[in-house]
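This briefing covers a sheet, a hairpin, aromatic pairs and model confidence. The structure comes first, and the notes follow by topic.

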Amino acid sequence: MKPTLLMPAMVTRRSVLLGAGAAAAAIAGPSWLTGARASDNAAPKRGGTFRVGAEDASAKDNLDPALAFSGFAAMMCRAMYDSLVKEDATGKPYDSLAEIFEPDATAQVWTIRIRDGVTFHDGRALTIDDVVFSITRAMATTGSLAARSLEALDPKGIEKDGKLTARLRLKYPYSFFKQAFFHPCLSIIPTDFDAKKPVGSGPFKFVSFEDQTFVAERNPNYWLDGKPYLDRIEVIGFADPTTARLNALMSGQIDAMPNVAFTQARTIEARPDLKLLSAAGASFEPFTMRVDQPPFNDPRVLEAFKLMVDREQLVRNVYAGRGRIGNDLGWAQDPYYNADIPQRAYDPDKAKFLLKEAGQENLVIELHPSPEAPWNSAAAQVLAQQAKKVGVNIKLVASADLSSFYDQKYLKVEFSQDMFGPNPLSVTAGYSLLPDSPYNESHWKDEKAAELFKLASSTGDADKARQYLNDFQQLVHDKAGWIVWGFRDSLQAVSGKFGGLEPSLRGVNMHDLSGVWVL
């Protein structure tokens, strides 16, 4: 996995996984979003405090949006700051501060025009100067995801036109450029921004941030009429993301918790005073294999490991059935997802044959589970049992904590795990599947795949882009060091006393609290 919004070592992992935006979802509609109640349709009313329990707070979290990597940081950013574009609960993009954000015919020059009349919390008008400052500052901030996500942008190629418009010239045509701006690291801040006294244009104004607790109050001059409804929000970090958070929710100490553990879902569903919000699976935790090192540099061993995985059993046992099987590709919600690639079947006999042919009949290998989520270790244990059926002895090597995992093992060990949110193909590939990707866990460097991705991102022809990406995904499926065994559902829990929250593909419902109200 990549760094998280918490620390440079984890900076991009969690950030990329949790934070980057998703392209227009191919799966949408009430059939995959469940948990809303009739009472949620009541007319919104103003007032009240809403408390969210965050599972990934870190001592390195801060109020600088350029360094936002964790879900906790994303919630703080979405409260105080606004962005040019956002994504809705289904992963579909929509313009926020931007009224226009579109490319020319070449996809190399992009025009941004922001809304007129938006003000910061201190009353100053938000102008295109603030937008240009926010973009260039984030790109120049060490450790920010913006440097990678905006690498196509030439900072010297930004041309302002009045107070509301700018044209951004890229170094090369790039059709996926707008997707980078979903992430909170590109929130818009004033040109004299001070992270110790943060000012933004978001729905809530900063009050305090100490002892892993963030407090903000209603912005009465928010540009979206009527919002926010709440007077105050609190985001509280928990050292124990599982048991302590659930106890706090059930006892009324907090009102909501994102990323509910699958083992807790039935407990929440059994409580009439709580709501479980569920969106169909799009996040995934692949097993990653370094294809530049033995034994996975042998294609026969690589294929054998993909064939020895009983994906149905993993989804049942690890996700408690709240998910669906994967086919060694991520981005299942992306409209460019190649669903025509045949599902890789569970075939332990062929796996044993390939291992014997490769001279690895009694292979012993260490697997380093990622401690980022409680279900990762469970998946590793199930895989270790499955591997015994083909003569592979997997020895699980636990990490002391998340920091030591990233410092000592991430991108280094031969066999490990990663964690991805429902990001678009373009984002995931850029971070993990290209020769120069900074978080290429499997060290897969396929020049043909890189060329296909470049062709897809630079063409303005949607049909050609799809064909290039279909071929790119076939190579990922066949040759990359990923086992994407399943996609998990997104589970969020909220007190029945509040309305305005709906199931969300990524959990962004907990990032934007402007529409929440007390029932």
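Two strands pair if DSSP finds at least two bridges between them. Helices (H or I, at least four residues) and strands (E, at least two) are DSSP runs, numbered from the N terminus. The model is predicted, so local features need pLDDT of at least 70 and side-chain atom pairs count only at pLDDT 80 or more, while totals for chains, interfaces and linings use all residues. Residues are numbered from 1 along each chain as its sequence is written, and side-chain values use heavy atoms, with hydrogens and water left out.

**Confidence and annotation**
- The average pLDDT (the predictor's confidence in each residue, from 0 to 100) is 89 for the protein, and 91% of the residues score at least 70.
- Residues 1-32 have a pLDDT below 50, although this stretch has 170 contacts (heavy atoms within 4.5 Å) beyond near neighbours in sequence.
- Where pLDDT is low, the predicted coordinates should not be read in detail.
- An unreviewed UniProt entry carries the annotation "domain: Solute-binding protein family" over residues 93-412; such annotations may be inferred rather than shown by experiment.
- The chain over residues 93-412 is 25% helix and 23% strand, with 35 Å between the end C-alpha atoms.

**Open sheet 18-14-19**
- An open sheet is formed by 3 strands in the order 18-14-19, with antiparallel pairing.
- Strand 18 (415-417) and strand 19 (482-483) are at the edges with a single partner strand each, so one side of each has no neighbour in the sheet.
- Strand 14 (residues 287-289) and strand 19 run antiparallel and are joined by 2 bridges.
- Thr-288 has Trp-482 in strand 19 as its bridge partner.
- Helix 10 (residues 374-388) lies across strand 14 and strand 18, at about 140 degrees to strand 18; axes are lines fitted to C-alpha atoms, for helices over the stretch in contact, and angles run from 0 to 180 degrees between N-to-C directions.

**Aromatic pairs**
- Rings of Phe, Tyr and Trp (its six-membered ring) pair if their centres lie within 6.5 Å; planes under 30 degrees apart count as stacked, over 60 as edge-to-face and the rest as tilted.
- The whole structure contains 32 aromatic pairs.
- Phe-72 and Phe-209 make a tilted pair, 6.0 Å centre to centre with 45 degrees between the planes.
- Phe-72 is in helix 2 (residues 71-80) and Phe-209 in strand 9 (residues 204-210), so this pair ties together parts 137 residues apart in sequence.
- Phe-72 is buried at a relative accessible area of 0%, whereas Phe-209 is partly exposed at 23%; buried means under 20% relative accessible area, exposed over 50%, partly exposed in between (1.4 Å probe, protein chains only).
- Trp-331 and Trp-482 also make a tilted pair, 6.4 Å centre to centre with 45 degrees between the planes.
- Trp-331 lies in the loop between strand 15 (323-325) and helix 9 (348-357) and Trp-482 in strand 19, so this pair ties together parts 151 residues apart in sequence.
- Trp-331 is buried at 0% relative accessibility, and Trp-482 is buried at 0%.
- One aromatic cluster consists of Tyr-172, Tyr-174, Phe-176, Tyr-336, Phe-453 and Phe-472.

**Hairpin of strands 9 and 10**
- Strand 9 and strand 10 (residues 213-218) run antiparallel, joined by 6 bridges.
- Phe-209 stands opposite Phe-214 in strand 10.
- The hairpin has 2 residues between its strands, and Asp-211 takes a positive phi near 50 degrees.

**Arg-137**
- Arg-137 belongs to helix 3 (residues 128-140) and is partly exposed at 22% relative accessibility.
- Leaving out residues up to four places away in sequence, Arg-137 touches Asp-64, Ala-66, Ile-189 and Phe-193.
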